[in-house]
Structure formats: structure tokens, C-alpha cells
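Let's walk through this structure together, one packing contact at a time. Keep the viewer open as you read.

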Amino acid sequence: MSFQAYLDAIEAKTGLTPRQLVAQARDHGFDGPGAKAGEIVSWLKEDHGLGRGHAMALVHVIRNGPTISGQHMGSGGVHADASTELWLDGVASRPGP
């Protein structure tokens, strides 16, 4: 599953875009590189029913923003992402290919 696919699955499960969840995280005081992963994962599990894998994808975005490593970009594998920039504004508003 690509990083973007994780975010899309989170949106499908919670009904919230990744950007909305990042905003909620900031409201809870989870912001930037110093945010503690365990606290964020617990919050996402309790409030939104997310499992560890999906929560950790959001931890990355909360800590580092929407940019990811280009390691898997264009690799053609199941974990390949189309871009190093993740789309946080929801599946319905994502620009086409």
C-alpha cells in the first residue's frame, strides 16, 4: 500500500481528510517534530478507531508535513507513490493524473 493509499483509507474510515486530522492534532497539542508518536497513536485509536499502521502514517504527516522520501516514487511496486508530495485535502478534490 502506498503512503497516499494509507491516507485515502484513513479518510474512508474516519470521514475526515488528512488535513482535517492534522488540524485536530494541532488542537490537541500534537505539532511538529517533537510530537510524541505514542500519544498521537493513542488519540487516533481512541477518537477515530485507527490502527497503528494508519496512525503512524498520520504521525509522519503531523511531524513532517506532506513531503515524503522519493524512495518508492515511480518504483512500480505496490508501495509506489506518484509524488513526494502527499495530497491532504481528500480523495474527491485530488487533481487527476
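A residue is called buried under 20% relative accessible area, exposed over 50%, and partly exposed in between, using a 1.4 Å probe and protein chains only. By that rule W43 is buried, because its relative accessible area is 6%. Before going further, some ground rules: this is a predicted model, in which local features need pLDDT of at least 70 and side-chain atom pairs count only at pLDDT 80 or more, while totals for chains, interfaces and linings use all residues. Residues are numbered from 1 along each chain as its sequence is written, and side-chain values use heavy atoms, with hydrogens and water left out.

Now to the partner of W43. The structure holds 1 aromatic pair (rings of Phe, Tyr and Trp, the last by its six-membered ring, with centres within 6.5 Å; planes under 30 degrees apart are stacked, over 60 edge-to-face and the rest tilted). F30 and W43 make up this tilted pair, with 5.8 Å from centre to centre and 45° between the planes. The pair links distant parts of the chain, 13 residues apart: F30 sits in the loop between α2 (18-27) and α3, and W43 in helix α3. Helices here are DSSP runs of H or I with at least four residues, and strands are E runs of at least two, numbered from the N terminus. F30 also counts as buried, because its relative accessibility is 11%.

Follow α3 (residues 37-48) to its contact with α4 (residues 52-64): they pack at about 125°, with axes 9 Å apart. Axes are lines fitted to C-alpha atoms, for helices over the stretch in contact, and angles run from 0 to 180 degrees between N-to-C directions. The angle therefore makes α3 oblique to α4 (under 35 degrees is roughly parallel, over 145 roughly antiparallel, 65 to 115 roughly perpendicular, and the rest oblique). On the α3 side, A37, I40, V41 and L44 meet R52, A55, M56, L58, V59, I62 and R63 of α4, where contact means heavy atoms within 4.5 Å. These residues divide into 9 nonpolar, no polar and 2 charged (Ala, Val, Leu, Ile, Met, Phe, Trp, Tyr, Cys and Pro are nonpolar; Asp, Glu, Lys and Arg charged; the others, Gly among them, polar).

Helix α4 also packs with α1 (residues 3-14), at about 110° and with axes 9 Å apart, so α1 is roughly perpendicular to α4. F3, Y6, L7, A9 and I10 of α1 make this contact with G53, H54, A57, L58, H60 and V61 of α4.
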